[in-house]
Amino acid sequence: MSPTNPSEAQLNAAEILELVQQEKISTLSHLVSSVVHEINNPLGCITGNITYIKDYVKDLLKLIELYQEHYPEPVDEIADEIDAVDLEYLTEDVPKLLSAMENGAQRLHQISNALRTFARFESDRQILFNLHDGIDSVLLMVKSRCKGTKIRSPIEIIKSYGDIPEINCCPGHFNQAISYLINYQIHALDEKAKAQPSDPDFKPTITIKTSLNTDTVILSIQDNSLGLSEDVQKTIFEEVFITKPVEPLTQMGLLVSRQIIEDQHQGKIQCQSALGSGTEFRIELPC
């Protein structure tokens, strides 16, 4: 039997959605933790040994240099082999390759750390958390979506981080809320590119700012999309959003973001926008 009170129906739908999201978050947490663990083992072996390899190669190249200095006229067989392997090129290129490998390993470490930070869903207990670390981990997760496409140029991410303290929060859930908001804005920028395909001056941008206002941390995430009307802004975080220009899955993400920020973290979230002027999500969190 369907409920007779519409508000009860909406509440039940919200509760069901929250349970579904919690199950997804829990599953993702275990999956990411397993992947990070499996990545870190071989990665630790690579980064732990690459320093020794660089030293060994440096010693070998020094030895070759000494041989060339004291035996400038090698026998024909050695001279032919030097020409065959292009020794001069090898001595220049091998250190560059090792440096590139070391940079790649460091990049993998950054990705691994970002994954671990992003997926800290294992507990509903609030802990002190560096908000900037969470934002950076989310930006890494959405990096592929920010790349240029057939309809728009790459999305520029502008970060203006203020001097803010750590906040009490559930890191994984909060990161998920930020992820939903940023993904919404990427979708909005895609929609603007579709609506204005011939605008060569459109440079999609997402600007993220943090600041401290007395005992409140302010987080602003702003884009330069088409913007929203006042009617849409009033209902953007509600359960029923059928006639509004937002995809259903995106809308559910906004609903969950509001629940995480306001219900779980006693914060506030507002949508500030105007048609043609982009959209800003402004979040206030108690220190």
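**A walk through the sheet and its helices**

Starting at the N terminus, the elements of this protein follow one another as α-α-α-β-α-β-β-α-β-β-α-α-β-β. That gives seven helices and seven strands. Please keep in mind as we go that this is a predicted model. Of the 287 residues in the protein, 37% are buried. Among contacts between residues at least 6 apart in sequence, 73% join residues that are at least 24 apart.

Let us begin with the sheet. Five strands make up an open sheet with mixed pairing, and their order is E2-E4-E5-E7-E6. The edge positions belong to strand E2 (156-160) and strand E6 (268-273); each has a single partner strand, so one side of each is left without a neighbour in the sheet. From one strand to the next, the twist averages 15°.

The pairing of E4 with E5 is antiparallel and runs over eight bridges. These two strands form a hairpin with two residues between them, and in this hairpin threonine 214 takes a positive phi near 60°.

Next comes E5 itself. Seven of the eight residues of E5 are buried, leaving the strand mostly covered. E5 pairs with E7 in the antiparallel sense, over seven bridges. Two residue pairs let you trace this pairing: threonine 216 has proline 286 in E7 as its bridge partner, and serine 220 has arginine 282, also in E7.

The walk across the sheet ends with E6 and E7, which pair in the antiparallel sense over six bridges. Serine 273 stands opposite threonine 279 in E7. The hairpin of E6 and E7 has five residues between the strands, and glycine 276 there takes a positive phi near 85°.

Helix H4 (residues 131-141) lies across E2, E4 and strand E5 (216-223), and its direction is at about 170° to that of E4. Helix H5 (residues 171-195) packs on the sheet as well, where it touches E4, E5, E6 and strand E7 (279-286); its direction makes about 25° with that of E5.

How do these two helices meet each other? Two packed helices are described by the angle between their axes and the distance between the axes. For H4 and H5 the angle is about 50°, and the axes are 9 Å apart. The two helices are therefore oblique to each other, and their crossing is right-handed. On the H4 side, the residues in the contact are Leu131, Gly134, Ser137, Val138 and Leu139; they meet Phe174, Asn175, Ile178, Ser179 and Ile182 in H5. By class, this contact has six nonpolar, four polar and no charged residues.

With a relative accessible area of 19%, tyrosine 180 is buried, because buried means under 20%. Tyrosine 180 and leucine 255 lie 75 residues apart in sequence, while their C-alpha atoms are 9.3 Å apart in space. Aspartate 190 also has its place in helix H5. Its relative accessibility is 15%, so aspartate 190 counts as buried too. Leaving aside residues up to four places away in sequence, aspartate 190 touches Arg145, Ile151 and Arg152.

Finally, turn to helix H2 (residues 76-85). Is this helix mostly covered, or does it lie largely in the open? Of its 10 residues, the number buried is zero, so H2 lies largely in the open. Just after H2 you will find aspartate 86, which takes a positive phi of about 55°. For a contrast, return to E5, where seven of the eight residues are buried.

Note on methods: Residues numbered from 1 in each chain as written. Predicted model: local features only at pLDDT ≥ 70, side-chain atom pairs only at ≥ 80, totals over all residues. Heavy atoms only, no water. Pairing = 2+ DSSP bridges. Helix = DSSP H or I, 4+ residues; strand = E, 2+ residues; numbered from the N terminus. Axes fitted to C-alpha atoms, helices over the stretch in contact; angles between N-to-C directions. Contact = heavy atoms within 4.5 Å. Parallel < 35°, antiparallel > 145°, perpendicular 65-115°, else oblique. Left-handed = near helix turned anticlockwise from the far one by under 90°. Nonpolar A, V, L, I, M, F, W, Y, C, P; charged D, E, K, R; others polar. Buried < 20%, exposed > 50% of the residue type's maximum accessible area, 1.4 Å probe, protein only.
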